[in-house]
Amino acid sequence: MSYKILVVDDEAANLRILERLFRTQYTVVTAGSGVEGLEMLNRHDIALIISDQRMPGMTGIEFLKRAAETRPQTVRIILTGYTDVNALVEAINSGVVYKYATKPWVNEDLKQTVIRALQHYETIKRQYELQMRNQRLETRLKASIEGFAKIAA
């Protein structure tokens, strides 16, 4: 399966490096800001977001919170060169961020993190599909019970 990854970073060099790192295995969409990233989420079916933390206008965590509202199944990774522990802990504990990676990153480690994140995405997607199927079955069951009750009455 071909996944789309959204990379958001205000540094063009980082966007190019990450795009080169992942483009052979995935479709990579890039954005230079949180606002642009939100626009890309509206245009593309994104499985995974890798976002820088420190960006002008909107931090990575703020962007990922808004992305989670738009696309809750999308897995989100924060990339940071600065360790703002309180913000990272809050984001991870609230479910906004799946994982964080530090700058500078090790390519092989980041690739493994992305593989695990996409496996997590598949799990979330399947859970959502099962939940929708269960809701449809519940609706059918209620309708059947009501129909039976009418016939019996």
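Biologist: Which strands does helix α2 lie across?

Modeller: This is a predicted model. In it, helix α2, residues 34-43, lies across β1 (4-8), β2 and β3 (48-52). The helix runs at about 140 degrees to β2.

Biologist: In what order do the strands sit in the sheet?

Modeller: Read across the open sheet: β2-β1-β3-β4-β5. That is 5 strands, and the pairing is parallel.

Biologist: Which strands stand at the edges?

Modeller: β2 (27-31) and β5 (99-102) do. Each has a single partner strand, so one side of each is left without a neighbour in the sheet. As for twist, the average is 20 degrees from one strand to the next.

Biologist: How many bridges join β4 to β5?

Modeller: There are 4, and the two strands run parallel. β4 covers residues 75-80. Take I78 as one case: its bridge partner in β5 is Y100.

Biologist: Now the helices. What describes two packed helices?

Modeller: Two values: the angle between their axes and the distance between the axes. Here, α1 (residues 12-22) packs with α5 (residues 107-152) at an angle of about 65 degrees. Their axes are 11 Å apart. That angle makes α1 roughly perpendicular to α5.

Biologist: Is the crossing of α1 and α5 left-handed or right-handed?

Modeller: Right-handed.

Biologist: Which residues meet there, α1 against α5?

Modeller: From α1, look at L18, L21 and F22. They meet N107, L110, K111 and V114 of α5. By type, the residues of this contact divide into 5 nonpolar, 1 polar and 1 charged.

Terms used
Residues are numbered from 1 along each chain as its sequence is written. This is a predicted model: local features need pLDDT of at least 70, side-chain atom pairs count only at pLDDT 80 or more; totals for chains, interfaces and linings use all residues. Side-chain values use heavy atoms; hydrogens and water are left out. Two strands pair if DSSP finds at least two bridges between them. Axes are lines fitted to C-alpha atoms, for helices over the stretch in contact, and angles run from 0 to 180 degrees between N-to-C directions. Contact means heavy atoms within 4.5 Å. Angles under 35 degrees count as roughly parallel, over 145 as roughly antiparallel, 65 to 115 as roughly perpendicular and the rest as oblique. A crossing is left-handed if the near helix is turned anticlockwise from the far one by less than a right angle, and right-handed if clockwise. Ala, Val, Leu, Ile, Met, Phe, Trp, Tyr, Cys and Pro count as nonpolar, Asp, Glu, Lys and Arg as charged, and the others, Gly among them, as polar.
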